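Welcome, and please take a moment to turn the structure around before reading on. The report below is meant as a friendly first tour.

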Amino acid sequence: MSKRFGLLGKTLDHSFSPEIHRMLADYEYQLYPVPEEQLAAFLKETDLDGFNVTIPYKQTVLRACDEVSETAQHIGSVNTVIKRNGRLYGYNTDFYGFFHLLGSESHYKKALVLGSGGASKAVQAVLEDSSIPFVVISRTGENNYTNLSLHRDADLIVNATPVGMYPENGEAPINLEDFPNCRRVLDLIYNPLKTALILQAEALGIKAENGLKMLVSQAANAAQLFEHNIYYVNRIEEVTDCLFRQQRNIALIGMPGCGKTTVGEKLAALSGRSLFDCDRELEKKLGMTIPEFFEKFGEAAFRKEETKLLLSLSQKTGIILSCGGGVVCREQNRDALKQNSIIVHLERPIEVLPSNGRPVTLERGLIALAAERMPKYRAWADVSFLNDDASNCAKTIQEALL
């Protein structure tokens with residue numbers, strides 16, 4: 001009889017854990033969202049062979065275990081449980097997850113750890129083990145967000161808070177400009193793939209990474225405990241890359257008429273991904289065509305509605321997003337796209353671009369519009385593809401990015 005495992009937590013709607021364990025191993029792994037009042041009964045009655053634990057139960061489960069590993073005891077929380085002969089054995093693989101994320105680059109003079117919860121405890125244990133001096137920033141402790149200036153010399157910043165996590169995309173716990181010595185940012189959040197903190201780090205030229213590798217690493221170490229097989233920890237990089245590609249959106253930008261919708265449709269058919277066409281979605285939301293809206297309310301009102309829609313759509317993961325030609329008119333749209341997408345610029349010769357039904361193109365003319373927008377498309381894009389044939393272009397994108 002095959003073994004059964006899962007993830008115990010309170011709210012698990014957006015968990016990546018089942019997908020990760022499916023990639024890692026060949027056992028059953030499901031989600032077990034359990035209300036607080038039913039937690040004691042679950043721990044007593046579960047017939048699972050083992051399970052992972054996420055917020056807010058890591059400390060409660062530690063107290064319920066019959067035996068706890070030295071690492072879990074030191075950190076003060078359990079995130080992996082093995083059940084043997086009716087007894088619960090608790091472990092903490094978050095330690096190994098952050099250890100893997102930190103990597104061999106451990107020559108830091110001072111780390112700033114944002115947050116003091118369970119994830120922070122694992123981070124602190126790894127930093128202590130790596131002989132990296134650190135300060136913990138909490139909301140009410142001696143070191144808090146009102147006296148951050150005392151720690152301007154930090155060269156490593158770790159965000160162990162949920163600030164900026166889906167669905168509160170766009171928020172950041174600190175301003176990195178206040179830390180001139182910072183040369184690396186590790187944000188334990190992995191949804192969105194790039195938080196506002198990571199995007200700011202990239203803009204400042206600071207090396208930054210999200211928590212996806214930590215998530216996969218702790219899962220691989222849990223799988224090793226589940227099945228006593230070291231093979232799983234050898235697949236951390238492979239599974240992290242695969243999961244990243246699965247979750248990352250493909251956002252198509254380019255001149256009006258360059259083929260974003262057509263290429264998007266063909267790419268969706270090839271990949272099995274959902275396509276969201278911003279112009280079509282806007283027309284459904286507005287209850288009229290885009291030319292009608294332009295005529296009635298003007299371009300400024302349209303751009304405002306476009307941004308509101310984009311902020312919502314860009315929170316999705318694993319989709320294809322066909323953006324309107326004027327998406328680059330608002331700089332804030334760039335960060336909205338960057339958080340979960342690789343931005344793909346579709347290029348097509350100006351002389352073959354159509355203008356019918358495109359109010360901005362008709363008003364300004366293709367040459368003037370291209371002169372205004374092409375530098376922005378190229379600046380925003382992570383990669384560009386020539387669309388001389390929609391089918392070939394879609395296939396090329398699929399092979400390169402998916």
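This report walks through a predicted model, one topic at a time.

Which order do its strands follow? Six strands make up an open sheet, arranged 2-1-3-5-6-4, and their pairing is mixed. The edges are taken by strand 2 (28-33) and strand 4 (67-68); each has a single partner strand, so one side of each has no neighbour in the sheet. On one face you can look for helix 1 (residues 17-24), which packs on the sheet and touches strand 1 (4-9), strand 2 and strand 3 (50-53). The direction of helix 1 makes about 165 degrees with that of strand 2.

Another helix to find is helix 8 (residues 212-227). Helix 8 lies across strand 1, strand 2, strand 3, strand 5 (80-84) and strand 6, and runs at about 10 degrees to strand 5.

## Around strand 6

With strand 4 it runs parallel, and two bridges join them. E67 has Y89 of strand 6 as its bridge partner, while V68 stands opposite G90 in strand 6.

With strand 5, strand 6 pairs in the antiparallel sense, over five bridges. Here R84 is found opposite R87 of strand 6. Strand 5 and strand 6 form a hairpin with two residues between the strands, and in this hairpin N85 takes a positive phi near 50 degrees.

## The enclosed strand 12

Now move along the chain to strand 12 (residues 249-253). Is strand 12 enclosed or open to the outside? Five of its five residues are buried, so strand 12 is largely enclosed by the rest of the structure. In a regular strand, side chains alternate between the two faces of the sheet. In strand 12, N249, A251 and I253 point one way, I250 and L252 point the other way, and all are buried.

Strand 12 has parallel pairings to trace as well. With strand 15 (residues 341-347), strand 12 pairs in the parallel sense over five bridges, and the bridge partner of N249 in strand 15 is S341. With strand 14 (residues 320-322), the pairing is again in the parallel sense, over three bridges. There, L252 has S322 of strand 14 as its bridge partner.

Rolling a probe the size of a water molecule over the atoms shows where empty space is left. How many cavities of 30 Å³ or more does a search of the whole structure find? The search finds one. The largest cavity holds about 30 Å³ of space, and its lining consists of M255, C258, H345, L346, E347, R348 and M374. Strand 15 gives the largest share of that lining, with three residues.

The largest pocket holds about 1400 Å³ of space. It is lined by 45 residues, of which T54, I55, A119, P162 and M165 are the closest to its centre. Strand 3, helix 3 (58-64), helix 6 (118-129) and helix 8 are the elements that give two or more residues to the lining of this pocket.

## A buried residue in a loop

You will find I174 in the loop between strand 9 (156-159) and strand 10 (184-187). I174 has a relative accessibility of 7%, which is under 20%, so it counts as buried.

What is I174 in contact with, leaving aside its neighbours within four places in sequence? The residues are L114, Y145, L148, I157, F179, L197 and Q200. S130 is 44 residues apart from I174 along the chain, and the C-alpha atoms of the two are separated by 25 Å.

## Cysteines

To finish, turn to the cysteines. With a disulfide taken as a pair of cysteine sulfur atoms within 2.5 Å, the count comes to zero disulfides. C329, for one, is in no disulfide: the nearest cysteine sulfur belongs to C323 and is 12 Å away.

C329 is partly exposed, at a relative accessible area of 30%. C242 is partly exposed too, with a relative accessible area of 34%.

Technical notes. Residues numbered from 1 in each chain as written. Predicted model: local features only at pLDDT ≥ 70, side-chain atom pairs only at ≥ 80, totals over all residues. Heavy atoms only, no water. Helix = DSSP H or I, 4+ residues; strand = E, 2+ residues; numbered from the N terminus. Buried < 20%, exposed > 50% of the residue type's maximum accessible area, 1.4 Å probe, protein only. Contact = heavy atoms within 4.5 Å. Pairing = 2+ DSSP bridges. Axes fitted to C-alpha atoms, helices over the stretch in contact; angles between N-to-C directions. 1 Å grid on protein atoms, 1.4 Å probe; cavity = no way out; pocket = protein on both sides within 12 Å on 5 of 7 lines; lining within 4 Å. Points joined across faces, edges and corners; volume = space filled by probe spheres on them.
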